[in-house]
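Dear colleague,

I am handing over the structure below, and after it you will find what I found there. Please read the notes with the structure open beside them.

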Amino acid sequence: MNRRIYNYIERDAVFNRVRKSTEYLSDADIHAILDEHTWCDLTFHFDIRKYGIIVNITDNNTECDVALADLNANAKHFYHDMMRQLKDQDILEYIKEMLSNKQAI
């Protein structure tokens, strides 16, 4: 089993997205706007197994597990991006393993 752990701090992700998309707001302006909202801080545990990926999500503020259905849009976007990357990596590793096993025969 292969485990990958990623921390997702929503406020930082939104700050970086806004920072890249505008030249009219200073960092201080962006921080002032973002300070008005509540943001999630999540840890994603991806357990990569032979026949799929199991995901456990923990809210770092409450240390409770979070259901996939309870994620907000930003966190779901992060989740889907990570799953896409992990599946692409997993597929490439599987193909390499199959090719090496075929050559060993």
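Within helix α3, which spans residues 73-104, D81 and R84 sit 3 residues apart, about one turn of the helix (helices, H or I with at least four residues, and strands, E with at least two, are DSSP runs numbered from the N terminus). These two residues form a salt bridge whose closest N and O atoms are 2.6 Å apart, where the term stands for a side-chain nitrogen of Lys or Arg within 4 Å of a carboxyl oxygen of Asp or Glu. D81 is partly exposed at 25% relative accessibility, and R84 is partly exposed too, with a relative accessible area of 47%; here buried means under 20% relative accessible area, exposed over 50%, and partly exposed in between, with a 1.4 Å probe and protein chains only.

Please keep in mind that this is a predicted model, in which local features need pLDDT of at least 70 and side-chain atom pairs count only at pLDDT 80 or more, while totals for chains, interfaces and linings use all residues. Residues are numbered from 1 along each chain as its sequence is written, and side-chain values use heavy atoms, with hydrogens and water left out.

The structure holds 4 salt bridges in total. Another of them joins R3 and D47, with 2.6 Å between the closest N and O atoms, and this pair links distant parts of the chain, since R3 belongs to strand β1 (residues 2-9) and D47 to strand β2 (residues 41-49), 44 residues apart. R3 is partly exposed, at a relative accessible area of 44%, whereas D47 is buried, at 4%. D27 and R19 also meet through their side chains in a salt bridge, at 2.4 Å from N to O; D27 is partly exposed at 32% relative accessible area, as is R19 at 40%.

A further pair is described as a polar contact: the side chain of D35 reaches the side chain of R11 at 2.5 Å (a pair of N or O atoms within 3.5 Å; within protein, one must be able to donate a hydrogen and the other to accept it, and residues adjacent in sequence count only if both atoms are side-chain atoms). D35 lies in the loop between α2 (27-34) and β2, and is exposed, with a relative accessible area of 54%.

With kind regards
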